[in-house]
Amino acid sequence: YDAGELGFSFQYPNSLFVSVDPDSPERLLILPQSLKIDKNEPMTAIIISVAEDDPTATALDWLESPYSGYDASIDGDYSHRFVGGQDAIVVNNDWIIVKTPDGKKRISIAFLVEQEKGARPLINEFQQILDTFSFK
């Protein structure tokens, strides 16, 4: 998927499709094809959202700010990995925060899962997106 206007691209399996959030064009939803057929199927998705950010701040600076909603006592610790050649923060293996190479934007990649309705996270698909994510 080439999100040219957002400055990145990634690959995803044929079992999924990408939808731009009509209310927020800086948010992509990666969903199972089966949701096109069965609207009552429990929601499972990968959400990629982009926000403007302070170019001097790191992803960790934002995570530790009051704006992120992160609380180590609730959310657990974080680790680092590379996404698109950039240092990224990983929280609970289900939320990634990475800055664009110019530092002007912050990208969040996370699961959206109705686990209470029996949906399961798209773990392998999430990993494929992270492994193929690249900046323009």
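A search of the whole structure finds six salt bridges, a salt bridge being a side-chain nitrogen of Lys or Arg within 4 Å of a carboxyl oxygen of Asp or Glu. The structure is a predicted model, in which local features need pLDDT of at least 70 and side-chain atom pairs count only at pLDDT 80 or more, while totals for chains, interfaces and linings use all residues. Residues are numbered from 1 along each chain as its sequence is written, and side-chain values use heavy atoms, with hydrogens and water left out.

The chain contains four helices and 10 strands, where helices (H or I, at least four residues) and strands (E, at least two) are DSSP runs numbered from the N terminus. Read from the N terminus on, the order of these elements is β-β-β-β-α-β-α-α-β-β-β-β-α-β. Along the principal axes, the C-alpha atoms fill a box of roughly 45 × 35 × 25 Å.

Of the 136 residues, 42% are buried, with buried meaning under 20% relative accessible area, exposed over 50%, and partly exposed in between (1.4 Å probe, protein chains only). Among contacts (heavy atoms within 4.5 Å) between residues at least 6 apart in sequence, 48% join residues at least 24 apart.

One of the salt bridges is formed by Asp2 and Lys136, whose closest N and O atoms are 3.1 Å apart. This pair links distant parts of the chain, 134 residues apart, with Asp2 in strand 1 (residues 2–3) and Lys136 in the segment after strand 10 (134–135). Lys136 counts as exposed, at 61% relative accessibility.

A salt bridge also joins Lys99 and Asp53, again with the closest N and O atoms 3.1 Å apart. Because Lys99 lies in strand 8 (residues 95–99) and Asp53 in the loop between strand 5 (44–52) and helix 2 (59–63), the pair ties together parts that are 46 residues apart in sequence.

Glu114 is partly exposed, with a relative accessible area of 23%, whereas Lys117 counts as exposed at 54% relative accessibility.
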